[in-house]
Amino acid sequence: MITIRSIAELRERLDDDRRVGRTIGFVPTMGWFHEGHLSLMRRARMTCDVTVVSLFVNPIQFNDQKDLAAYPRDEARDSRMAAGEGVDVLFAPSVDEMYPSGFDTAVAVGGITEILEGASRGAAHFRGVTTVVAKLLNAAQPHVAFFGQKDAQQALVIRSMVRDLAFPVRVEVCPTVREADGLAMSSRNVRLDAADRMRALALHGALREAERLIAAGERETQRVVEAGTAFMREANVPPEYFAVVGANDLAPLDRVVGEVLIAVAAPVGPVRLIDNLLVRAP
Ligand code: AMP
C-alpha cells in the first residue's frame, strides 16, 4: 500500500491504472477504522481492481467544533489496518491540500438535506459532506464509490449529487456492521465510557422495537414513532429525532407502506449517535 498526500500525485498514479484498464474502487472515510470501514474496503477489493481509501477528517462538515477536536485520529493505526485489507492506495491529504487558501466553492443538495440530520446539525453539515465528496471523486475518478448504510441519509444525498451533477461513478451502499450486541459500529463509540456504552444500546433497541411493531401489523407511523421514543426515554436516552420515512426519498409518512427507513439520533454522554433500519411492511 502506498500513502499519497497530494491530488496531483493521486491522479498520476490512478491515470496509470485507468490506462491499462484497471477499475478503481473508492472508499471515503474520516479514519479511526472499525469493521464498518473494513467491510467497505473488502467490498471494494471484491468489486474493483484497485482499491483507494481516503482518510480525511473533513473540518467543514462538523457543526460542533468540540466534536471535531475530539474526533479520534491515528493515521499509523489506520494505515496498518488498511494495508491488512489489501488496500492499494491510502489518500491522506492535509486540510491545506483539500482547502487551500482562496477555496470558496460549495456543492449543495436541496430537499433531503433539510430534514433529520440536516435539521439537527444545520445546513453546513451536508454541504460540507457533498463538497468534500465531490472534490474526492474528482481527485480519484473512481468507477465505483462505496458508502455505508449506517449513514443512510448521507448515502441518499451522495446518490442525488452523483445523479444531478452526472458524476461518472457508480455508488454502492453496503450494510451497517454492528457489534455483537447490536450497537452500530462508529468511530465515535470509542469515546463512550462503560455506562454510556450500555445506554447506547437504546438506539438499536428502539429500532428493533419499531420493527417488531410493524411486523405485528402496526401501520400508523405516529404509533411506531411514539413506541420508539418511549423505549428510548425509558432507557434514559431521549432521542433528538426518531422518524419513520420513505426509504428512498425520506418523505414523511402517515402510514407504513412498502419499504421505510426508521432513523434515530441521540446524544449519549459526550457523543451524538445515529442509527437506522430499513423495514419492509409485509
Ligand atoms: P466515516 O469515517 O464515519 O465518515 O465513515 C466512512 C464510511 O464508512 C461512510 O460511508 C460510512 O457510512 C461508513 N460506515 C461507518 N460506520 C459504518 C458501519 N457501522 N457499517 C457500515 N458502514 C459504516
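# Exercises on a predicted model

Valine 171 has its place in strand β6 (residues 170-174). Strands (E, at least two residues) and helices (H or I, at least four) are DSSP runs, numbered from the N terminus. This is a predicted model: local features need pLDDT of at least 70, side-chain atom pairs count only at pLDDT 80 or more, and totals for chains, interfaces and linings use all residues. Residues are numbered from 1 along each chain as its sequence is written, and side-chain values use heavy atoms, with hydrogens and water left out.

## Exercise 1: valine 171

Decide whether valine 171 is buried or exposed, and find what it touches.

Step 1. Recall the cut-offs: buried means under 20% relative accessible area, exposed over 50%, partly exposed in between (1.4 Å probe, protein chains only).
Step 2. Valine 171 has a relative accessible area of 10%, so it is buried.
Step 3. Look for contacts, meaning heavy atoms within 4.5 Å. Not counting residues up to four places away in sequence, valine 171 touches Ala145, Phe147, Ile158, Arg159 and Val162.
Step 4. Now go along the chain. Phenylalanine 231 is 60 residues from valine 171, and their C-alpha atoms are separated by 34 Å.

## Exercise 2: cysteines

Count the disulfides, and explain the case of cysteine 174.

Step 1. Apply the rule: a disulfide is a pair of cysteine sulfur atoms within 2.5 Å. The count comes to zero.
Step 2. Cysteine 48 is in no disulfide; its nearest cysteine sulfur belongs to cysteine 174, 11 Å away.
Step 3. From cysteine 174, the closest cysteine sulfur is that of cysteine 48; at 11 Å it is too far for a bond.
Step 4. Check burial. Cysteine 48 counts as buried at 7% relative accessibility. Cysteine 174 is buried too, at 5%.

## Exercise 3: helix α1

Compare the span of helix α1 with the expected value, then sort its faces.

Step 1. The expected span is 1.5 Å times one less than the number of residues.
Step 2. Helix α1 (residues 7-19) has 13 residues and reaches 18 Å from first C-alpha to last, close to the 18 Å expected.
Step 3. The buried residues of α1 are Ile7, Leu10, Leu14 and Asp17. They cover an arc of only 85° around the axis, so they lie on the same side of α1. The arc is that of the directions from the helix axis to the C-beta atoms.
Step 4. The face turned away from that buried side carries the exposed residues Ala8, Glu12 and Arg19.
Step 5. The cover over the buried residues includes β2 (24-29), β3 (50-55) and α7 (123-140).
Step 6. Just after α1, glycine 21 takes a positive phi of about 85°.
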